[in-house]
Amino acid sequence: MELHVRYEGDDDPEKCTARKLARFGLVELHRSARATPPGIVLDPHAERALSPADAAPNQAGEREWSPDVHDRLVALDCSWETAEAEAFRLSGPHRALPFLVAGNPVSYGTPFRLNTAEAFAGALVILGHREQAEELLSKFRWGHTFLELNEEPLRRYAGATDSTEVVAIQAEYLDRGE
């Protein structure tokens, strides 16, 4: 799956996971929304949750967007302080990641506060690309921690049929206070 990042450049460059992934040739950075190709946009403000259905054609064999859009993930790399809805004006279907906890040292254990590498990895696992997720996370000392902390929810989300089912699974974790 292609990985693209709308790169704001407002985080500490030493801690920026998107820049590190770009140095390894695993993601492509874009300096403007216009230069960023359309894809499934990982957007915490989206109304629909990401699900395995986003990677597959619908029951009629059609896709909501062109096939290449469904083979491409797009993330916004910016400071959490500037991550407002307007910043996510990117082309493609917008999807929110369900409940996952950060495994990185800056936000360890914090729900929904993933860095770019973790967001991509979570999305890749949900969409059926676990090996690619593991490759991304192998570039970070803490990468395995993210997968370990989220093993059960990621397995369950990846087995869901659609966004509604992902949200129902997420509700179980939120209701338990996990």
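Reply: Helix α3 (residues 116-126) and helix α6 (residues 151-158) have axes that come within 8 Å and cross at roughly 45°, where axes are lines fitted to C-alpha atoms, for helices over the stretch in contact, and angles run from 0 to 180 degrees between N-to-C directions. That makes α3 oblique to α6, since angles under 35 degrees count as roughly parallel, over 145 as roughly antiparallel, 65 to 115 as roughly perpendicular and the rest as oblique. This is a predicted model, in which local features need pLDDT of at least 70 and side-chain atom pairs count only at pLDDT 80 or more, while totals for chains, interfaces and linings use all residues. Residues are numbered from 1 along each chain as its sequence is written, and side-chain values use heavy atoms, with hydrogens and water left out.

In α3, Gly122, Val125 and Ile126 meet Leu154, Tyr157 and Ala158 of α6, contact meaning heavy atoms within 4.5 Å. By class, this contact of α3 with α6 has 5 nonpolar, 1 polar and no charged residues; Ala, Val, Leu, Ile, Met, Phe, Trp, Tyr, Cys and Pro count as nonpolar, Asp, Glu, Lys and Arg as charged, and the others, Gly among them, as polar.

Helix α3 also lies across β1, β3 (40-42) and β4, running at about 155° to β4; helices (H or I, at least four residues) and strands (E, at least two) are DSSP runs, numbered from the N terminus. These strands belong to an open sheet of 5 strands in the order β2-β1-β4-β3-β5, with parallel pairing, and two strands pair if DSSP finds at least two bridges between them. Strand β1 (residues 2-7) is joined to strand β4 (residues 72-77) by 6 bridges.
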